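I opened my notebook to look up how this chain is put together. My entries follow the order in which I checked things.

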Amino acid sequence: MASLQSLPSSYQNWLLKPSTMLGCDTHGPCKRSTSLTVRAEQASKSSSLPSQDRHGRRLLLAAGLAIAPWISPSNYIVKSFAAENKKGFLPLSDQKDGYEFLYPFGWQEVVIEGQDKVFKDVIEPLESVSVNLIPTNKQDIRDLGTPEQVAEALIKNVLAPPTQKTKLLDAKEHDVDGKIYYTFEFIAKAPNYTRHSLSSICINKGKFYTLTTGANERRWGKMKDKLNTVVDSFKIV
């Protein structure tokens, strides 16, 4: 399996781009896919980054991640999870890629380039959930580092634009049916808004899964219980 360094520059840019992982962290229409790219020459300058940033990049490189063109809207179905469906939420189960989660009733599916699945609120553009999966040669999320190390690396290099000030609030490890997940909470401050997010990541059968959900900080008090339900419902099946 190819390492990140051996991939074409366009693939490297995709992995290292300052994506929101949601495609909805801007005020533009969600049909505009967030292309947010990192120039190839920026990647080549990583050696000049502070040691903390270089360490974060090494964690991502260590995953041996590669991109595969397997994303297809026909690969999932919506169905009930036995004893899992909660009032006010709808279930999604992707049988081909092997994951499931709940999302709030009323959120609409949108297509975002580079994301496997995205649902968002049509009125509050920062309220959304996305799932991304890419191949990896690692067998366990713990192979990449501690929850704090992996969370910091993802936030700085993938989950937030470099122009935003980010802060990791919490990171932890937990076991669900024998699979290890890292979950973490963070904020990202833009000039005109702050987004409060939750993520859950897991490695299973050669795939690196990331679910991210969040909301505008001004609505966090109202949305945090719903968003925690979303992230807690994420399971690899």
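**Entry 1: the sheet**

I began with E4 and strand E5 (residues 128–135), which pair in the antiparallel sense over four bridges. Strands (E, at least two residues) and helices (H or I, at least four) are DSSP runs, numbered from the N terminus. Two strands pair if DSSP finds at least two bridges between them. In this pairing, Val118 stands opposite Ser130 in E5.

I noted the ground rules next. This is a predicted model, where local features need pLDDT of at least 70 and side-chain atom pairs count only at pLDDT 80 or more, while totals for chains, interfaces and linings use all residues. Residues are numbered from 1 along each chain as its sequence is written, and side-chain values use heavy atoms, with hydrogens and water left out.

Then I looked at the other pairing of E4. E3 and E4 run antiparallel and are joined by two bridges. Glu109 has Phe119 as its bridge partner in E4.

**Entry 2: which way side chains point**

In a regular strand the side chains alternate between the two faces of the sheet. I checked strand E4 (residues 117–120). Lys117 and Phe119 point one way, Val118 and Lys120 the other, and all are buried. Buried means under 20% relative accessible area, exposed over 50%, and partly exposed in between (1.4 Å probe, protein chains only).

I also looked up Thr210, which is found in strand E9 (residues 207–216). Thr210 counts as buried because its relative accessibility is 4%. From C-alpha to C-alpha, Thr210 lies 9.7 Å from Tyr182, and the two are 28 residues apart in sequence.

**Entry 3: aromatic rings**

How many aromatic pairs does a search of the whole structure find? The search finds seven. Rings of Phe, Tyr and Trp (its six-membered ring) pair if their centres lie within 6.5 Å; planes under 30 degrees apart count as stacked, over 60 as edge-to-face and the rest as tilted. One of the pairs is Tyr99 with Phe234, tilted, at 6.3 Å centre to centre and 55° between the planes. Tyr99 is in strand E2 (residues 99–104), and Phe234 is in the loop between helix H5 (220–233) and strand E10 (235–236). They are 135 residues apart, so I marked this as a link between distant parts of the chain. Tyr99 is buried at 0% relative accessibility, and Phe234 is buried at 3%.

I wrote down a cluster too: Tyr99, Phe101, Tyr103, Phe119, Tyr209 and Phe234.

**Entry 4: helix H5**

H5 has 14 residues and reaches 19 Å from its first C-alpha to its last. That is close to the 20 Å expected at 1.5 Å a residue; the expected span is 1.5 Å times one less than the number of residues. The buried residues of H5 are Trp220, Met223, Leu227, Thr229, Val230, Val231 and Ser233.

**Entry 5: the whole chain**

The chain has five helices and 10 strands. Buried residues make up 54% of its 237 residues.
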